[in-house]
Amino acid sequence: MWKFLTSIVTGGLGSIFGGYLDYRNVKSRIEGDVLQRYMEAEVETNRQKLMMNKLFMERWETRWIIPGFAFITMAHYGAVVLDSIFLFDWNVAALPGPIAEWEGQIILSFFVVVPAKDLISAYLNRGLVQSVVTNVKKVFNRKR
């Protein structure tokens, strides 16, 4: 009788514990696969960014866009502001119609849009990056 009861208890516990270990094993594999795919996607994204940057910066036209438009625009805007604030006798002329709008958009993109995009993306990705780093550490600590 006791032998029968102990076999039921140990067999039941063994199957429950074995099922739990199988569950943990499958869960760990899935987490590892997801993490591996995420890291592969990040590497591919960075490779594509590098390729696009190289493609555009190899052409002389694109290398001169920033110095040709943005720096000149910022210099003109700075001269207008300094002339207005300190009342210099520079008499900086305003740019005509659509060029003045472009100047405003260029300055807005350099000093507002790009920093705001970087801040928002850093804020949104902080939890994701932290969880990926934590999972990578777990994976590497298990292999030791």
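In which helix is Phe 110 found? Select Phe 110 and you will see that this residue is found in helix H4, where helices (H or I, at least four residues) and strands (E, at least two) are DSSP runs, numbered from the N terminus. Before going further, keep in mind that this is a predicted model, in which local features need pLDDT of at least 70, side-chain atom pairs count only at pLDDT 80 or more, and totals for chains, interfaces and linings use all residues. Residues are numbered from 1 along each chain as its sequence is written, and side-chain values use heavy atoms, with hydrogens and water left out.

**The whole chain**

Show the chain as a cartoon and follow the elements from the N terminus on, which run α-α-α-α; there are four helices and zero strands. If you colour by accessibility, buried residues make up 7% of the 144 residues in the chain, where buried means under 20% relative accessible area, exposed means over 50%, and partly exposed lies in between (1.4 Å probe, protein chains only).

**Back to Phe 110**

With Phe 110 selected again, note that this residue is partly exposed, with a relative accessible area of 34%.

**The nonpolar patch**

Keep Phe 110 and select Ile 65, Ile 66, Phe 69, Phe 71, Leu 108, Phe 111, Val 112 and Val 113 with it, and you have a nonpolar surface patch of about 860 Å². Patches are made of residues with over 30% relative accessible area and no salt bridge, and like charges are joined within 9 Å, nonpolar side chains (Val, Leu, Ile, Met, Phe, Trp, Tyr) within 5 Å. The accessible areas come from the Shrake-Rupley method with a 1.4 Å probe, and for residues only the protein chains shown count as cover. H3 and H4 each supply at least two residues of the nonpolar patch, and H4 gives the most, with five residues.

**The largest pocket**

Rolling a probe the size of a water molecule over the atoms shows where empty space is left. On a 1 Å grid over the protein atoms alone, a cavity is a set of points where a 1.4 Å probe fits but cannot get out, while a pocket is an open set with protein on both sides within 12 Å along at least five of seven lines, and lining residues have an atom within 4 Å of a point.

Select Gly 68, Phe 69, Ile 72, Thr 73, His 76, Leu 95, Ile 99, Trp 102, Glu 103 and Ile 106 to show the lining of the largest pocket. About 180 Å³ of space lies in this pocket, a volume being the space filled by probe spheres set on the grid points, which are joined across faces, edges and corners. Helix H3 (65-86) and helix H4 (97-143) each supply at least two residues of the lining, and H3 gives the most, with five residues. The lining residues divide into six nonpolar, three polar and one charged, where Ala, Val, Leu, Ile, Met, Phe, Trp, Tyr, Cys and Pro count as nonpolar, Asp, Glu, Lys and Arg as charged, and the others, Gly among them, as polar.

**The salt bridges**

How many salt bridges does the count come to? The count comes to two, a salt bridge being a side-chain nitrogen of Lys or Arg within 4 Å of a carboxyl oxygen of Asp or Glu.

Select Arg 47 and Glu 44 first, whose side chains meet in a salt bridge (2.7 Å, N to O). Being three residues apart in helix H1 (residues 2-57), Arg 47 and Glu 44 are separated by about one helical turn. Arg 47 is partly exposed, with a relative accessible area of 43%, and Glu 44 is partly exposed, with 35%.

Then select Lys 117 and Asp 118, which form a salt bridge with the closest N and O atoms 3.3 Å apart. Lys 117 is exposed, with a relative accessible area of 51%, whereas Asp 118 is partly exposed, with 40%.

**The loop between H3 and H4**

Finally, select Leu 87, which lies in the loop between H3 and H4 and has a positive phi of about 55 degrees although it is not a glycine. At 67% relative accessibility, Leu 87 counts as exposed. Asn 91 is found in the loop between H3 and H4, and its phi is near 50 degrees, a positive value in a residue other than glycine. At 66% relative accessibility, Asn 91 counts as exposed.
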